[in-house]
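Subject: Structure for your review

Dear colleague,

Please find below the sequence and structure that I am handing over to you.

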Amino acid sequence: MSTDASVKAFEEAQNLIPGGVNSPVRAFSSVGGTPIFIAEGEGAYLTDIDGNKYVDFVQSWGPLIFGHRDESIEAAVIEAVKHGLSFGAPTLAETELAKLVISFFDSIDKVRFVSSGTEAVMSAIRLARGFTHRDDIVKFTGCYHGHSDALLVEAGSGAATFGNPSSPGVPYDFTKHTLLAEYNNIESVKKCFADSKDIACVIIEPIAGNMGLVPADKEFLHELRKLCSDNGTLLIFDEVMSGFRGTINGAEALTGVIPDLVTLGKVIGGGMPVGAFGGRREIMAQLSPEGPVYQAGTLSGNPVAMAAGFAALTKLKKNSIVMAVLEERAKTLVNGMQREAAALGIIMQVDVRGSMFGFFFNENPVKNFADAAKSDADMFAQFHAGMLKEGFYFACSLYETGFISTATTDVMIEDTIKAAAKVLGAIKNG
Ligand code: KE4
């Protein structure tokens, strides 16, 4: 299998675009090798510019739950484009998608659309601060919420819960209000509340997908809810990735824990740039122009993007059992890979939530980022490269999550398991 064209394309791209990519994870930095340049997607498949075909388990990092070039989404986009690309004025398409998004979530009375998950989270945090008149926020190590300054934070020194910037260019003053806690560890959250009486919100991925797939324990989320309620702090569920991927009606439906705000993205745009945040009426009423908390965007609610999202969510609404079908297929995949690995003496931890799947080459269960970081990164990199050669496109970082789409067939799943056995066997036998 030649990837010469991708190698050449990557060389040129690196002269024009930092790292040759427009989002860092795409550069294959943590797995090595050259990122493949995609020519097209069709159903469950990607085809690269060398003509190699792959079963796609990344699906644009989540949005494409119906696979590439879904007929109804494509038709909706083509129809919308015929009426214009953007107006910067209200359209019925925004109202229709708002109605549809709200219909899936008990926690959402009103929703605001933006153009990315980062924008949704950044805006939701500003709204939480404006609503509570407090400045501090709590996030969890290993959760990713987009690249806004206050969230690019790594653990501070020693017992300090206040975080330090995790990226140059983020002034300490922009992260001094961000406290860090450990995922699935309620005592670490209690310490944050002991260290600050000024916490506006706690933000969490209730089904974490950015440290690999690590769902929060149900009882942990219930304790978190109580802690926030007792302290007048808002609880934000960041479901940009898990929304319409882990469940259809949000983590709240799975756990019974109702957040105060939810952030969304990916699937709600059907593959087009859409983010959203929503919550209780009295909180959303604080948002400009209804309230004083400012937030805006030129392409927010873009009618073409709204049409794609509306087609995707309408399809989900009509086929609500689809998540159960995808979950069974995801379980077949990870259980099959785990079985083949075990036969070779290789221990894999696996998990599934709806159409999301994760695996770690790790001898112990993974409950937080520290556990995930003990996984065998070298084994993961070799597995990723081997599977790519076999025609299977997995996420290029062990801290990511895999996805099953409705276009991923049982035969593809079985072929993937067979390929995994072959690749792991080759790694084992060196
Ligand atoms: P975007 O700004 O990338 O649309 O969304 C940021 C974001 C917010 N919250 C959660 C839970 C997310 O997973 C994301 C983005 N997810 C990553 C995948 N791990 C996007 C891929 C990338 O960064 O290129």
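Which helices and which strand do the buried residues of H10 pack against? In this predicted model, they pack against helix H2 (71-81), helix H3 (92-104), helix H11 (322-343) and strand S4 (110-114).

Helix H10 itself covers residues 303-318, 16 residues in total. From its first C-alpha to its last it reaches 22 Å, close to the 22 Å expected at 1.5 Å a residue. Because 12 of these 16 residues are buried, H10 is largely enclosed by the rest of the structure. Among the buried residues are Pro 303, Val 304, Met 306, Leu 313 and Leu 316, together with Gly 309 and Thr 314. The N-terminal end of the helix is capped by Asn 302, which places a side-chain oxygen 3.0 Å from the backbone nitrogen of Val 304.

I turn now to the ligand. There are 16 residues around the ligand, and those that come nearest are Ser 23, Thr 118, Asn 210, Asp 238 and Glu 400. By class, this shell comprises 7 polar, 5 nonpolar and 4 charged residues.

Asn 210 has a polar side-chain atom 2.4 Å from a nitrogen atom of the ligand. For Thr 118, a polar side-chain atom lies 2.7 Å from a ligand oxygen atom. At Gly 117 a polar backbone atom is involved, 3.0 Å from an oxygen atom of the ligand. Of the 540 Å² that the ligand exposes when taken alone, the protein buries 85%.

With kind regards

Notes: Residues are numbered from 1 along each chain as its sequence is written. This is a predicted model: local features need pLDDT of at least 70, side-chain atom pairs count only at pLDDT 80 or more; totals for chains, interfaces and linings use all residues. Side-chain values use heavy atoms; hydrogens and water are left out. A residue is near a molecule or strand if one of its heavy atoms lies within 4 Å of it. A polar contact is a pair of N or O atoms within 3.5 Å; within protein, one must be able to donate a hydrogen and the other to accept it, and residues adjacent in sequence count only if both atoms are side-chain atoms. Accessible areas come from the Shrake-Rupley method with a 1.4 Å probe; for residues, only the protein chains shown count as cover. Ala, Val, Leu, Ile, Met, Phe, Trp, Tyr, Cys and Pro count as nonpolar, Asp, Glu, Lys and Arg as charged, and the others, Gly among them, as polar. Helices (H or I, at least four residues) and strands (E, at least two) are DSSP runs, numbered from the N terminus. The expected span of a helix is 1.5 Å times one less than its number of residues. Buried means under 20% relative accessible area, exposed over 50%, partly exposed in between (1.4 Å probe, protein chains only). Contact means heavy atoms within 4.5 Å.
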